[in-house]
Amino acid sequence: MPPLPTSVPIAWYLTLSAILFSLGVLGFILRRNIITVFMSIELMLNAVNLTFITFSYMLKRVDGHIFSFFVMVVAAAEAAVGLAIILTVFKNRQTLEIDEVSSLKN
Amino acid sequence: MDAILFLVFAAIAVICGINMVVQKHPIASALSLVGVMAALAALYLLLGGEFIAAAQLVVYSGAIMVLFVFVIMLLNAGAEKKSIIRPWGKYFGAPLLLVFFGIMSFVVQRMTPASDGVTFGGFRGAGPREIGQSLFTVYLLPFEVTSILILIAILGAIVLARKEID
């Protein structure tokens, strides 16, 4: 096993972010429960936030932090509206399966 | 020490992320997502973002995930049925994902400077003071626009969750 570096390379953080983003995409595509799909979107937003903070460290600027702050705010607004939509869908159709909500398909 | 801390929290984040994708029950997925967010907050601290780390814990793993868990409980969501994975997805999806991931990490390794890594306390320009200064001078207009966005989101959520909608 190679010795651990004294400072963590920037690439490690970006690779972790890529892993988390890929997991989010995977969940978004594979899962069928509408709430889990929504949580996968949140995971992708978190991965992008990590990239913002990492680049902010790399460039020694504060702007990445501001951007990830805005991403958090938008995610909060999105969660409120999205969960309200999920509630309405469930009230009308009594299901949470995304494959059964397909009125626009045909 | 920094590398050990990074590896520990990165491992927690990745394991919780995988758990979130493979768990069948939504409540297990939600709790795994809380684990990912807490681990990411620790990583933000390592990167010198104290304010963002606190906001991550309060807003994400506090407010947003409580909302998720609340809705899951309210709808009494059970375990989902098995996903239908078509053959081309099974035989091409995983290799393509690996290839995509390999290319991405290769590009990242090549693009970022290998000399200056992340050390704890190496960047002190993103405390609450600096973020506040930047937020209320350079980013004042986006900040105000965001407040309007939140107002619209509140109204939308109230309208959508009304009783008589059909």
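Select chain A and chain B together: across their interface the rule finds 0 salt bridges, a salt bridge being a side-chain nitrogen of Lys or Arg within 4 Å of a carboxyl oxygen of Asp or Glu. The model is predicted, so local features need pLDDT of at least 70 and side-chain atom pairs count only at pLDDT 80 or more, while totals for chains, interfaces and linings use all residues. Residues are numbered from 1 along each chain as its sequence is written, chains are lettered from A in the order in which they are written, and side-chain values use heavy atoms, with hydrogens and water left out.

**The interface**

Next, display the contacts between the chains, defined as heavy atoms within 4.5 Å. Here 71 residues of chain A are in contact with 83 residues of chain B. The buried area, that is, the accessible area (1.4 Å probe) that the two parts lose on being put together, summed over both, is about 6800 Å². Carbon and sulfur atoms give 77% of that area. Highlight A:Met39, A:Tyr57 and A:Met72, which supply 11% of what chain A buries against chain B, more than any other three residues.

The largest share, 25 residues, comes from H3(A).

**A salt bridge within chain A**

Select A:Arg32 and A:Glu97, whose side chains meet in a salt bridge (3.4 Å, N to O). A:Arg32 lies in the loop between H1 and H2 of chain A, and A:Glu97 in the segment after H3, 65 residues apart. The whole structure holds 2 salt bridges over all chains.

**The largest pocket**

Finally, turn to the largest pocket, where a pocket is an open set of points on a 1 Å grid over the protein atoms alone, where a 1.4 Å probe fits, with protein on both sides within 12 Å along at least five of seven lines. Its space is about 680 Å³, the volume filled by probe spheres set on the points. Of the 22 lining residues, which have an atom within 4 Å of a point, A:Ile29, A:Leu30, B:Ile85, B:Gly89 and B:Lys90 are the closest to its centre. H4(B) gives the largest share of the lining, 9 residues.

Definitions and conventions. Helix = DSSP H or I, 4+ residues; strand = E, 2+ residues; numbered from the N terminus.
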